Amino acid sequence: MSFRKVVRQSKFRHVFGQPVKNDQCYEDIRVSRVTWDSTFCAVNPKFLAVIVEASGGGAFLVLPLSKTGRIDKAYPTVCGHTGPVLDIDWCPHNDEVIASGSEDCTVMVWQIPENGLTSPLTEPVVVLEGHTKRVGIIAWHPTARNVLLSAGCDNVVLIWNVGTAEELYRLDSLHPDLIYNVSWNRNGSLFCSACKDKSVRIIDPRRGTLMAEREKAHEGARPMRAIFLADGKVFTTGFSRMSERQLALWDPVSGQLKGASLRLGSLCFCTVTSRAP
C-alpha cells in the first residue's frame, strides 16, 4: 500500500536563524497599540524612529542607530501631536528631518538635533493643516525637496510644499473609500495607491488624473498594499476570498479607456503563500 505525501518536503526545513545578541537590539520600547495598519517605525542612515504609547496625545522615539540595548522609559520623545501618531517618514534629502501624521488631523515636520534628542521635542518646524479626518499616510517625494504627500481617512490625498506650508495639489475625487497605502515611483512623476474598494490606482498628481486602474486586484476584504518597483511595475500584497495571502505583480499597459482612466495590464504572477489565521 502506498501513501501519498501530504506535506511537501522543503530543503530549508533544517535551516535556523541565529538571534542577535540583546546588546545589539532595541529593547523595552513600548510600541503603539493603536488600531491602524502601519509599520509604526522608520529608519534612515542615522536614526531609528518608533511610534510609542503616549498618554494625552501622540509621540514617537528617535534613537541613534548606535543606541542599542535597553531603552530607558524616560527617554525623550517627539510629542507635539494632540492625538495618537499613525505614520512617520524620514525625509530622503535630510537625515535630520522627519514628518508625522496623526489622529488630530494634522501633519507635522520635525527637525531632529544632529546627535539625537536630549529633551522632549514639542515644537515642530511646520504644521500642515488640510485634512478633516485623521492622517494615516505620510510619504516624502523621492526627488523633489520639501514636497510631501499625506493621505487621510477623509479619502483625500494632499501634496504639500513644506517650505511654505501650502497645498500644491488636492486630490479629493479619485478614492471613494479608505486609502490603505501610497507609493511614489522612482522619479516622483506618479504614485500608486491601494484602496478599500479593492482597486489599485496609478495617479499623476500634477494633472490630478487617474492614469491606470485595476479593479479587484485582490478579492479579499482584508487590507492590501501596493508599491512601485524600479522598472515601473506595481507589486501588491493582499488576500483571496478564502483569506489566503496573495502576492501579485502588475504591468501597466495601454488598454480600453474607461472614463478618464486606463486599465492596468494582466496579472504576471500570483502566489498564495499561506492561510491567514
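Me: Which residues line the largest cavity?
Reply: Tyr180, Cys195, Lys196, Lys198, His218, Gly220, Ala221, Arg222, Met224, Gly238 and Phe239. A cavity here is a set of points, on a 1 Å grid over the protein atoms alone, where a 1.4 Å probe fits but cannot get out. Lining residues have an atom within 4 Å of a point.

Me: Where do these values come from?
Reply: This is a predicted model: local features need pLDDT of at least 70, side-chain atom pairs count only at pLDDT 80 or more, and totals for chains, interfaces and linings use all residues. Residues are numbered from 1 along each chain as its sequence is written, and side-chain values use heavy atoms, with hydrogens and water left out.

Me: OK, how much space lies in the largest cavity?
Reply: About 60 Å³. That volume is the space filled by probe spheres set on the points, which are joined across faces, edges and corners. The structure holds 1 cavity of 30 Å³ or more.

Me: What classes of residue are in the lining?
Reply: There are 5 nonpolar, 3 polar and 3 charged residues. Ala, Val, Leu, Ile, Met, Phe, Trp, Tyr, Cys and Pro count as nonpolar, Asp, Glu, Lys and Arg as charged, and the others, Gly among them, as polar.

Me: Switching topic. How many salt bridges are there?
Reply: The search of the whole structure finds 11. Each is a side-chain nitrogen of Lys or Arg within 4 Å of a carboxyl oxygen of Asp or Glu.

Me: What does Arg225 pair with?
Reply: Asp37, with the closest N and O atoms 3.5 Å apart. The pair links distant parts of the chain, 188 residues apart. Arg225 is in strand β19 (residues 225-228), and Asp37 is in the loop between β1 (26-27) and β2 (41-43). Strands are DSSP runs (E, at least two residues), numbered from the N terminus.

Me: And Asp204, what is its partner?
Reply: Arg207, at 3.8 Å between the closest N and O atoms.

Me: Is Asp204 buried or exposed?
Reply: Buried, at 8% relative accessibility. Arg207 is exposed, at 63%. Buried means under 20% relative accessible area, exposed over 50%, partly exposed in between (1.4 Å probe, protein chains only).

Me: Which residues form a network of salt bridges?
Reply: Asp197, Arg201 and Glu213 are linked that way.

Me: Last topic. How many disulfides?
Reply: The structure holds 0. A disulfide needs a pair of cysteine sulfur atoms within 2.5 Å. For Cys153, the nearest cysteine sulfur, that of Cys105, is 8.9 Å away.

Notes:
1 Å grid on protein atoms, 1.4 Å probe; cavity = no way out; pocket = protein on both sides within 12 Å on 5 of 7 lines; lining within 4 Å. Helix = DSSP H or I, 4+ residues; strand = E, 2+ residues; numbered from the N terminus.
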